[in-house]
Amino acid sequence: MFLQFIINGLITGMLYTLASLGYALVYNTTRIFHLALAVLYVVAAYIFWHVTVVCGFPMFAGIFASVCFTALLSLAIDRLVYFPLFKLKASLSVVLVSSIGVFTVLTNLVALTWGNEFKAFGSDISRIYSSGNLIVTGKQLFQFIASLVLIITFFLFLNRSKTGLRIKAVRDDSELYQVLGFSLTKMRVTVFLLSGAMISLASCLTAWDIGMDPYVGMPILLNAIVALIIGGAGRFESCVIGGITLGILQALVVWQWSAQWQEAITFVVLIIFLFLRPQGFIGEKSRVV
Amino acid sequence: MDFLYHIIIMIGIYTILALAANIPVGLANLLSLAQAAFYGIGAYLSAFVLLNFNIPLLPGLFVVAITTGFFSLLISLASIRLKGDYFILAALGFQLIVFSVLYNWTDVTKGPYGISGIPPPRLFAFIELTANFQFAILSVSLAALTSFLFYYLVKSPFGRVLKSIRSDELSVSISGRNVYQFKIIAFFLSAGFSASAGFLFAGYVKYIDPTSFTLDESIFILSALFIGGLGNVKGCIVGAAVIVILPELLRFAGLPDNIAANLRQIIYGLALILVMLYFPKGLAGDTMLK
């Protein structure tokens, strides 16, 4: 049984990693406490659902539509809300509060458009692969492979491509980046598009298995943020370490106690990390102001 | 008439909650997302006190406020140890942990079923507050009392130190003030005020369950504060009045309930964005979020 929970935790953890990368792209480069990402997660799932279930397109068309739409919406949020505030030299708290505003508006628009009730993708019993006591559903296997490919692609992109290196440069020192003659405004476009795409992929992969309602985004986003913090804010590798740790930890909580305490334990872990090891597993020790 | 009393009671409760949030947020610029947690702890403690002890209103209220105040130590500790978004995250974590405990610790809190049949509080051991009219008076008096306390707090040396923590924490501690102590007292007061709103709520509604004290409620309280404006009493009253009356107006406009609920949220969300972008002082505030 133990191994079964580890496997389930690992797969959940990889999905957290994807969401966490979406958050880290914005947070590491702009320091925006991007709570509106939670609603992008929800929007992505609904677009996917609408295109595949209501309009009857194949699954990959649904994911493609969802990724494009979410990326553009993410960019629109930056252009309409965050960027004007950035121009006004608003503080992080102000941006956070406006982000909460965006979250509230869009969540309720989703609820008005698609209804408050739970939605799922068909009721087909997917194939089950088992070996001994271990059981993995076909959807889980797909989630595992897809997120593994996505994570590897992301890191290849980040470490090999020119854009990826620029993202890391902005993360290290955005002022120096501008001094060297690059445009931070253009970089924001890239970062927000990528962030939206990433959260959309995380969302589609998850919703396809367990369905969604308009309020699923915030718990996932909070897990993603906790993953980034316990991994070490400021880096991208920390999303992988933090996400998988968190996924497995939560699975073990379910194994030992019960699912209802998952959330509380997650945040207790967060608070322990914030107090005792704010730099996370692999972050650099720095004074946070 | 009962409808009018209901509106007055709710405005009173939200005025108190907004004032409570105003102490850390408006004066010391500590964006606390845990206000609904204090409100919830206060409401549950009040239910416990009212159900189990036959003590009059004021001592009961006092006990609840002080006990809730001690829970705030966790948040003030975080505000001392952590800066900027790390503090916000810790407060958010506290809010979610409190909700999770209220929801899942069924032996004590009865979890999602909530606590029902809370007896009405008694004034001076013999007058039972049962009528909505009496509650409206209680609510207005408590809100007025909180407003006076807040008004004097802002003008007092204590309030001035809090405001200077907001502009420059380092120089406050260089001038020999114990910043930690001020933060601890600020959150203690904030939690105590929120708890008294929780007392009113538990005594008035007579039934509480954890869903009244979610992260959304924290955001809702902060919306009242930001829409009204930071730093003074006026802003809190205006903000509370707006967020309580607005849904009623939507109901009068004849919208079906399920649409009205979402529409109301959309209006609050838009208001938050617009306030942050164009009216940083809200409708009647003195200062803005820094």
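Predicted model: local features only at pLDDT ≥ 70, side-chain atom pairs only at ≥ 80, totals over all residues.

I then asked which residue S130(A) faces in β2(A). I found I135(A) opposite S130(A). The two strands make a hairpin, and I count two residues between β1(A) and β2(A). In that turn I noted G132(A), which has a positive phi of about 65 degrees.

Next I took helix α9 (residues 217-231) of chain A against helix α4 (residues 84-104) of chain B. I get a packing angle of about 130 degrees for α9(A) and α4(B), with the axes 12 Å apart. Angles over 145 count as roughly antiparallel and 65 to 115 as roughly perpendicular, with the rest above that range oblique, so α9(A) and α4(B) go down as oblique to each other. I logged the crossing of α9(A) and α4(B) as left-handed. Who makes the contact between α9(A) and α4(B)? From α9(A) I listed L222(A), I225(A) and I229(A), and from α4(B) I listed Y86(B), L89(B), L92(B) and L96(B). Sorted by class, the contact of α9(A) with α4(B) gives seven nonpolar residues, no polar and no charged ones.

Then I checked helix α1 (residues 2-27) of chain B with helix α6 (residues 132-155) of chain B. Their axes are 8 Å apart and the packing angle is about 20 degrees. Under 35 degrees counts as roughly parallel, so α1(B) and α6(B) get that label. I have the crossing of α1(B) and α6(B) as left-handed. By class, I read 17 nonpolar, seven polar and one charged residues in the contact of α1(B) with α6(B).

I located S76(B) in helix α3 (residues 57-81) of chain B. Is S76(B) buried or exposed? The relative accessibility of S76(B) is 0%, so I wrote down buried. Leaving out residues up to four places away in sequence, S76(B) touches K183(B), I184(B) and F187(B).

I placed T109(B) in helix α5 (residues 106-109) of chain B. At 6% relative accessibility, T109(B) counts as buried. With residues up to four places away in sequence left out, I found T109(B) touching Y44(B), V101(B), L102(B), G114(B) and I115(B). I also checked T109(B) against Y14(B): 95 residues apart in sequence, and 24 Å apart in space from C-alpha to C-alpha. I moved on to K110(B), which sits in the loop between α5 and β1 (122-123) of chain B. Its relative accessible area is 46%, so K110(B) is partly exposed. Phi of K110(B) is near 60 degrees, which I flagged as a positive value in a residue other than glycine.

I finished with R31(A), in the loop between α1 (2-30) and α2 (37-54) of chain A. I flagged its phi too: near 65 degrees, positive, and R31(A) is not a glycine. With a relative accessible area of 34%, R31(A) goes in the notebook as partly exposed.

Notes: Residues numbered from 1 in each chain as written. Chains lettered and ligands numbered in written order. Heavy atoms only, no water. Axes fitted to C-alpha atoms, helices over the stretch in contact; angles between N-to-C directions. Helix = DSSP H or I, 4+ residues; strand = E, 2+ residues; numbered from the N terminus. Left-handed = near helix turned anticlockwise from the far one by under 90°. Contact = heavy atoms within 4.5 Å. Nonpolar A, V, L, I, M, F, W, Y, C, P; charged D, E, K, R; others polar. Pairing = 2+ DSSP bridges. Buried < 20%, exposed > 50% of the residue type's maximum accessible area, 1.4 Å probe, protein only.
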